[in-house]
Amino acid sequence: MSEKKMGLLPHGSRIVIRLPEPEKKTAGGIILPESAQEQSHDKYKAIGVVDAVGPDVQDKRIELNAKVVYEPDGAIPMTINERKYVVIDESSIIGVLVEKN
(Lines give C-alpha, C1' and ligand atoms only; values in the text may rest on other atoms or scores of the structure.)
Protein backbone atom coordinates (compact mmCIF):
# COMPACT_ATOMS: atom_id res chain seq x y z
CA MET A 1 0.00 0.00 0.00
CA SER A 2 1.44 3.41 -0.94
CA GLU A 3 1.69 6.15 1.64
CA LYS A 4 -0.43 9.23 0.92
CA LYS A 5 1.24 12.62 0.76
CA MET A 6 -0.10 15.30 3.09
CA GLY A 7 -0.70 18.97 2.36
CA LEU A 8 -1.81 21.94 4.41
CA LEU A 9 -4.69 24.23 3.45
CA PRO A 10 -4.20 27.44 5.44
CA HIS A 11 -7.09 29.11 7.23
CA GLY A 12 -7.97 32.81 6.94
CA SER A 13 -5.13 35.09 5.81
CA ARG A 14 -2.36 32.59 6.45
CA ILE A 15 0.18 31.51 3.84
CA VAL A 16 2.28 28.33 3.64
CA ILE A 17 5.85 29.07 2.52
CA ARG A 18 8.10 26.27 1.23
CA LEU A 19 11.68 26.81 2.36
CA PRO A 20 14.58 26.23 -0.03
CA GLU A 21 16.49 22.98 0.25
CA PRO A 22 19.66 23.38 2.32
CA GLU A 23 22.94 23.56 0.43
CA LYS A 24 24.72 20.22 0.39
CA LYS A 25 28.03 21.67 -0.90
CA THR A 26 29.89 24.90 -0.39
CA ALA A 27 30.88 27.11 -3.33
CA GLY A 28 34.35 25.51 -3.10
CA GLY A 29 32.88 21.99 -3.45
CA ILE A 30 33.14 20.86 0.18
CA ILE A 31 30.30 18.49 1.07
CA LEU A 32 28.47 19.68 4.18
CA PRO A 33 27.32 17.24 6.88
CA GLU A 34 23.58 17.27 7.64
CA SER A 35 24.11 19.20 10.89
CA ALA A 36 25.74 22.05 8.94
CA GLN A 37 23.02 21.95 6.30
CA GLU A 38 20.35 22.54 8.94
CA GLN A 39 22.27 25.48 10.41
CA SER A 40 22.30 27.19 7.01
CA HIS A 41 18.51 27.67 7.36
CA ASP A 42 18.67 30.43 9.92
CA LYS A 43 15.81 32.81 10.61
CA TYR A 44 17.48 35.65 8.70
CA LYS A 45 17.14 33.91 5.35
CA ALA A 46 13.46 34.70 5.11
CA ILE A 47 12.85 33.91 1.44
CA GLY A 48 10.65 31.09 0.25
CA VAL A 49 8.08 29.97 -2.29
CA VAL A 50 4.33 30.20 -1.70
CA ASP A 51 2.92 26.67 -1.45
CA ALA A 52 -0.66 27.47 -0.32
CA VAL A 53 -2.74 30.61 0.23
CA GLY A 54 -5.63 31.02 2.68
CA PRO A 55 -9.05 32.18 1.40
CA ASP A 56 -8.84 35.61 3.08
CA VAL A 57 -5.48 36.72 1.61
CA GLN A 58 -6.16 40.10 -0.05
CA ASP A 59 -2.98 40.76 -2.07
CA LYS A 60 -3.42 39.04 -5.46
CA ARG A 61 0.36 39.07 -6.06
CA ILE A 62 0.69 36.45 -3.33
CA GLU A 63 -0.09 33.40 -5.43
CA LEU A 64 1.11 29.82 -5.73
CA ASN A 65 4.81 29.52 -6.60
CA ALA A 66 5.51 33.23 -6.01
CA LYS A 67 8.91 33.83 -4.42
CA VAL A 68 8.44 36.03 -1.36
CA VAL A 69 10.43 37.76 1.36
CA TYR A 70 8.79 37.53 4.77
CA GLU A 71 9.28 38.64 8.36
CA PRO A 72 10.51 35.50 10.21
CA ASP A 73 9.25 36.55 13.65
CA GLY A 74 6.00 34.72 14.32
CA ALA A 75 6.53 32.18 11.53
CA ILE A 76 5.40 28.69 12.51
CA PRO A 77 7.94 26.11 11.27
CA MET A 78 6.81 22.64 10.24
CA THR A 79 7.88 19.62 8.26
CA ILE A 80 5.43 17.91 5.91
CA ASN A 81 6.44 14.99 3.71
CA GLU A 82 10.07 15.58 4.70
CA ARG A 83 9.99 19.18 3.33
CA LYS A 84 10.45 22.28 5.49
CA TYR A 85 7.75 24.96 5.56
CA VAL A 86 6.68 27.96 7.60
CA VAL A 87 3.16 29.26 8.05
CA ILE A 88 2.83 33.04 8.27
CA ASP A 89 0.11 35.66 8.25
CA GLU A 90 -0.31 37.81 5.14
CA SER A 91 0.87 40.86 7.12
CA SER A 92 4.30 39.18 7.50
CA ILE A 93 4.98 39.36 3.76
CA ILE A 94 7.55 42.06 3.04
CA GLY A 95 7.42 41.70 -0.72
CA VAL A 96 7.17 39.48 -3.77
CA LEU A 97 10.38 38.93 -5.74
CA VAL A 98 10.05 39.58 -9.47
CA GLU A 99 12.45 39.33 -12.40
CA LYS A 100 13.81 42.66 -13.54
CA ASN A 101 15.44 43.56 -16.83
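R61 is exposed, with a relative accessible area of 57%, where exposed denotes over 50%, buried under 20% and partly exposed the range in between (1.4 Å probe, protein chains only). The model is predicted: local features require pLDDT of at least 70, side-chain atom pairs count only at pLDDT 80 or more, and totals for chains, interfaces and linings use all residues. Residues are numbered from 1 along each chain as its sequence is written, and side-chain values use heavy atoms, with hydrogens and water left out.

**Salt bridges**

R61 takes part in a salt bridge with D59, the closest N and O atoms lying 2.8 Å apart. The criterion is a side-chain nitrogen of Lys or Arg within 4 Å of a carboxyl oxygen of Asp or Glu; by this rule the structure holds 2 salt bridges. D59 is partly exposed, its relative accessible area being 24%. The other pair is formed by the side chains of R18 and D51, with an N to O distance of 2.8 Å. This pair connects distant parts of the chain, since R18 belongs to strand β1 and D51 to strand β2, 33 residues apart. D51 is likewise partly exposed, at a relative accessible area of 31%. Side chains of opposite charge can pair when their charged atoms come close.

**Secondary structure and sheet**

The protein contains 1 helix and 6 strands, assigned as DSSP runs (helices: H or I, at least four residues; strands: E, at least two) and numbered from the N terminus. Along the sequence the pattern reads β-α-β-β-β-β-β. The 6 strands form an open sheet in the order β4-β5-β1-β2-β3-β6, with antiparallel pairing. Its edge strands are β4 (76–80) and β6 (93–96), each of which pairs on one side only. From one strand to the next the twist averages 40 degrees; axes are lines fitted to C-alpha atoms, for helices over the stretch in contact, and angles run from 0 to 180 degrees between N-to-C directions. Two strands count as paired if DSSP finds at least two bridges between them.

| Strand pair | Bridges |
|---|---|
| β4 and β5 (residues 83–89) | 5 bridges |
| β1 (residues 14–18) and β5 | 5 bridges |
| β1 and β2 (residues 47–53) | 4 bridges |
| β2 and β3 | 3 bridges |
| β3 and β6 | 3 bridges |

Strand β5 places V86 opposite P77 and I88 opposite I15. In β2, V50 stands opposite I17, while V49 has K67 of β3 as its bridge partner. Y70 has I93 of β6 as its bridge partner.

Strand β3 (residues 67–70) presents two faces: V68 and Y70 lie on the covered one, K67 and V69 on the uncovered one.

**Whole-chain values**

Of the 101 residues in the protein, 26% are buried. Among contacts (heavy atoms within 4.5 Å) with a separation of 6 or more, residues 24 or more positions apart account for 61%. The protein exposes about 7700 Å², of which carbon and sulfur atoms supply 53%; accessible areas come from the Shrake-Rupley method with a 1.4 Å probe, and for residues only the protein chains shown count as cover.
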